[in-house]
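My notes follow in the order I looked things up.

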Amino acid sequence: MKKQRVLMAMSGGVDSSLAACLLQEQGYAVIGVTIRNWTPPGWEELTADLGGCCSLSAVEDARRVAFQLQIPFYVLNFAESFENEVVKPFVAAYLAGETPNPCVLCNKTMRFGLLYQKARELQADFVATGHYARVCYAAGRYHLLKGIDVQKDQSYMLYSATQQALAMTLYPLGTYNKQQTRQMARERGLAVAEKPDSQDICFIPDGNIGGFLTAYRPGNYAGEIVYRDGRILGRHTGYQQFTIGQRKGLGLAWPQPLYVLKIDAVSKRVIVAEKEFLYSRSLLADQLNWIAFDALQEPLQASAKIRYAAKPVDVLIKPSPDGGCLVEFREEQQSITPGQAIVFYKGDELLGGGRIRQII
């Protein structure tokens with residue numbers, strides 16, 4: 001019987017490396033691939049020690065593991081598409097006063113898009129990644145579930161998956177926790193068993209988003225720091241350096257700590273206020289993708305995460321005539337941030353998600 005072929009996305013980290021090993025042990029014909037994304041000119045030389053997913057060092061780590069497992073290995077150069085589909089929208093959103101999540105966009109366009117297209121070209125039966133999430137099939141539909149490890153669950157990043165994509169998706173680590181993953185990698189002698197996890201945006205490994213934006217699209221982004229009632233308190237060197245809820249870097253003298261309340265990209269103003277004004281009870285979301293059903297037809301009680309590291313909270317989701325939705329929280333939420341993803345759950349199942357468009 002012919003083995004089923006799996007295109008395994010290998011980032012050079014311990015998660016995807018172990019996932020490749022487990023699939024091989026389960027009898028799949030595994031093909032290792034690493035996506036070569038865009039990085040700023042000269043970035044590899046300047047940040048060689050930082051590593052990070054999709055860097056040259058990560059490619060070499062993935063190649064080493066593939067050689068160790070004796071599986072075919074290829075590098076897919078998605079650099080041009082990555083810049084056009086991830087980097088440019090990321091920059092545009094920031095300069096519009098939003099705080100986008102590039103990993104969500106990368107999963108939508110690069111992984112669920114180009115990678116699955118490549119898998120079909122190679123006649124692969126499945127695509128696999130090292131994400132901590134699960135896929136199941138029930139009642140004529142594919143469902144996306146949280147990973148067993150609550151601390152490591154990555155389903156939030158995957159809400160843009162389609163039924164077509166989930167039909168050919170494998171997440172071998174979804175039923176394990178991170179400690180088990182490292183232990184299994186050690187037991188198998190994988191070369192990257194002790195490699196630390198990558199935390200930063202892959203094309204900004206030093207974490208300096210403001211510096212990156214200024215270098216990528218030079219311009220005058222300086223403006224005023226304004227209190228919520230219109231009083232001018234000071235000036236800033238670039239509004240793109242701030243995000244809602246930020247406290248550090250304001251350089252203001254005030255009786256109480258001040259936080260970024262809003263960013264007005266048109267006037268280049270950063271509006272600040274005390275912490276109590278950061279709380280909101282509702283928002284509008286758009287660019288929705290539903291996994292558990294085709295479309296939201298009527299109000300739905302669920303839970304939601306307004307950022308990757310947030311805890312799920314109770315919400316009421318109401319469909320809007322424009323295809324978006326109004327989300328009402330049972331309790332006020334702090335620092336809801338336009339541009340971030342809001343993802344909806346029922347227990348362990350991810351129902352769908354979208355982009356936070358506006359705070360109400």
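Predicted model: local features only at pLDDT ≥ 70, side-chain atom pairs only at ≥ 80, totals over all residues.

**Entry 1: strand β11**

I began with the strands around β11. Strand β10 (residues 259–264) pairs with β11 in the antiparallel sense, over five bridges. Val260 stands opposite Val272 of β11. I then checked the hairpin of β10 and β11, which has four residues between the strands. There Lys268 takes a positive phi near 65°.

Next I looked at β8. Strand β8 (residues 223–227) runs parallel to β11, and three bridges join them. Ile225 has Val270 in β11 as its bridge partner.

**Entry 2: the open sheet**

I traced an open sheet of five strands, in the order β3-β2-β1-β4-β7, with parallel pairing. Its edge strands are β3 and β7 (169–170), each pairing on one side only. I followed one pairing in detail. Strand β1 (residues 5–9) and strand β4 (residues 126–128) pair in the parallel sense over three bridges. Leu7 has Val127 as its bridge partner in β4.

**Entry 3: the nonpolar cores**

Which residues have the most contacts inside the largest nonpolar core? That core has 59 residues, and my list reads Leu7, Phe82, Phe90, Leu115, Leu144, Phe203 and Phe212. Its largest share, eight residues, comes from helix α4 (residues 79–95). I also noted a second, separate core of 28 residues, which includes Met8, Leu18, Leu69 and Tyr132.

I then picked Leu115 from the first list. Leaving out residues up to four places away in sequence, Leu115 touches Leu7, Ala9, Val33, Ile35, Leu76, Phe78, Met110 and Val127. Leu7 and Val127 are the bridge partners I had noted in the sheet.

**Entry 4: helix α4**

I checked the length of α4. At 1.5 Å a residue, its 17 residues should span 24 Å. The end C-alpha atoms are 22 Å apart, which agrees. I did find a kink of about 30° in α4, at Val87, shortly before the proline Pro89.

Which residues of α4 are buried? I listed Ala79, Phe82, Glu83, Val86, Val87, Phe90, Val91, Ala93, Tyr94 and Leu95. One of these is a glutamate, Glu83. The buried residues of α4 pack against β2 (29–36), β3 (73–77), α5 (102–121) and α8 (209–216). After the helix comes Gly97, with a positive phi near 90°.

**Entry 5: aromatic rings**

How many aromatic pairs are there? I count 15. I took Phe112 and Tyr116 as my example. Their ring centres are 5.7 Å apart and their planes lie at 50°, so I log the pair as tilted. Both residues lie in helix α5, four residues apart, about one turn of the helix. An α-helix has 3.6 residues a turn, so residues three or four places apart point the same way. Phe112 and Tyr116 are both buried.

Last, I looked up the aromatic cluster. Trp38, Phe82, Phe90, Tyr94, Phe203, Phe212 and Tyr216 form one cluster. Among them, Phe82, Phe90 and Tyr94 are on my list of buried residues in α4.

Definitions and conventions
Residues numbered from 1 in each chain as written. Heavy atoms only, no water. Core = buried A, V, L, I, M, F, W, Y, C linked by side-chain atoms within 4.5 Å. Buried < 20%, exposed > 50% of the residue type's maximum accessible area, 1.4 Å probe, protein only. Helix = DSSP H or I, 4+ residues; strand = E, 2+ residues; numbered from the N terminus. Contact = heavy atoms within 4.5 Å. Pairing = 2+ DSSP bridges. Expected span 1.5 Å × (residues − 1). Bend = angle between axes of the 7 residues up to and from the residue. Phe/Tyr/Trp six-rings, centres within 6.5 Å; stacked < 30°, edge-to-face > 60°.
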